[in-house]
Amino acid sequence: MNSKMRIYQKIVKFSAGMVNEIEDYIVTEYPLTIFINGQEFATLVCTPSDMRELIFGFLASEGVIRFADEIVSMSIDEAKGLAYVDLTADFTTSQQFYSKRFIGSCCGKGRQFYFQNDAKTAKTSTSKTTITAEQCLKLMKDMQEDSVVFHETGGVHNAALCKPNEMIIKRTDIGRHNALDKIYGYALLSKTFVRDKIIVISGRISSEILLKAAKIGVGIILSKSAPTNLAIKLAEELNITVVGFIRGHSFNVYSHSNRIKFP
């Protein structure tokens, strides 16, 4: 485990009427500024682990790249929190492209995307993967039990790329969106086929999280928490199965329940 993900900090703890000074693990919050072909592009606030995957996944999610080989070189100055990326193609940052609200249409339905690049990069799922109710519960349990940094700090989110019967990889970050970008970066770099895979995540499924799952290309996303109404609307249109509140022996299915096989 990357020791930079958390540090020891002296704190004052009150418990059962007693006050003690102890050392406790505190999660690390780390700003990383990305330059593309010499131009400043974005600053991410993240957990300093798997940063190469994070950058690949973030740039793919933003529509800057589609494939890993579009990045010629990458260097990360961890001490200064700077990353320098050179692309095969010319790149000019466009605030209009990366921040303009956009409303498009698809199959006769109105579809609202917050940003224009979401309309370009979010994919309608063609996944035929199905998963049993017991597998949903087990994947969440396996990811939670493997979450060492969360158990130590309580300050991170976890995301995992899974098959129905096993977890392939797990990534950790203070941001749910960053954890998914690390998953996306892993898939790009390892050339993992993702259309038949499943995303498991510890946090709320917002519209941003749903769109990132769509960009990765999966058809099922499982969460310990709840989805938002816009996330559900997007999931219905993008043919993604959303399962939330996976706790103990129960969960809720919010969209495309045909992919879940019940006893």
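Predicted model: local features only at pLDDT ≥ 70, side-chain atom pairs only at ≥ 80, totals over all residues.
Ground rules first. I number residues from 1 along each chain as its sequence is written. Local features need pLDDT of at least 70, side-chain atom pairs count only at pLDDT 80 or more, totals for chains, interfaces and linings use all residues, and side-chain values use heavy atoms, with hydrogens and water left out.

**Overview.** I looked up the secondary structure and got eight helices and 16 strands; these are DSSP runs numbered from the N terminus, helices (H or I) of at least four residues and strands (E) of at least two. Of the 263 residues, 49% are buried, meaning under 20% relative accessible area with a 1.4 Å probe, protein chains only.

**Cores.** A nonpolar core here is a set of buried Ala, Val, Leu, Ile, Met, Phe, Trp, Tyr and Cys residues joined through side-chain atoms within 4.5 Å. The largest has 53 residues, and Leu59, Leu210 and Ile221 touch the most other members. Another core lies apart from it, with 17 residues including Leu137 and Met143.

I then checked Leu59: beyond its neighbours within four places in sequence, it is in contact (heavy atoms within 4.5 Å) with Ile36, Phe41, Val64, Ile65, Ile71 and Val85.

**Sheet.** I traced an open, mixed sheet of four strands, E4-E3-E6-E5; strands pair if DSSP finds at least two bridges between them. E4 (39-46) and E5 (71-77) are the edges with a single partner strand each, so one side of each has no neighbour in the sheet. E3 (residues 30-36) runs antiparallel to E4 over seven bridges, and Ile36 has Gln39 in E4 as its bridge partner.

Definitions and conventions
Buried < 20%, exposed > 50% of the residue type's maximum accessible area, 1.4 Å probe, protein only.
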